[in-house]
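Please look over the sequence and the model shown below before reading the notes on charged side chains and on one further position.

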Amino acid sequence: DLNPWWEHPERIRPLPPQYRRPIVRDLAERLLRPKGLTEIVRGPRQVGKTTLAAAIAAEHPGAVFLDL
């Protein structure tokens with residue numbers, strides 16, 4: 001009741017598209033390396049950084065991404 005957006009989070013952040021860019025696979029592989037616990041994704045506005053992080057998190061249970 002405090003925030004109506006919490007009832008339907010998909011309205012705020014829709015599911016990632018079904019098409020997977022090669023960078024999604026590359027980043028997932030890097031995260032599975034022994035020292036690949038943290039990755040910083042940066043770049044210009046509106047190029048898909050948040051979508052990339054959401055796709056990785058959706059495919060890996062327990063994964064967390066921080067949208068700062």
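## Basis of the values

This is a predicted model, in which local features need pLDDT of at least 70 and side-chain atom pairs count only at pLDDT 80 or more, whereas totals for chains, interfaces and linings use all residues. Residues are numbered from 1 along each chain as its sequence is written, and side-chain values use heavy atoms, with hydrogens and water left out.

## Salt bridges

The structure holds two salt bridges, the term standing for a side-chain nitrogen of Lys or Arg within 4 Å of a carboxyl oxygen of Asp or Glu. Side chains of opposite charge can pair when their charged atoms come close.

R25 and D26 form a salt bridge with an N to O distance of 3.4 Å, and R25 is also bridged to E29, where the closest N and O atoms lie 3.9 Å apart. Because E29 and R25 are four residues apart in helix α2 (residues 22–32), about one helical turn separates them; helices here are DSSP runs of H or I with at least four residues, numbered from the N terminus.

## Accessibility and the position of V64

D26 is partly exposed at 32% relative accessibility, and E29 is likewise partly exposed, at 43%; buried means under 20% relative accessible area, exposed over 50% and partly exposed in between, with a 1.4 Å probe and protein chains only.

V64 counts as exposed because its relative accessibility is 69%.

Conventions. Helices (H or I, at least four residues) and strands (E, at least two) are DSSP runs, numbered from the N terminus.
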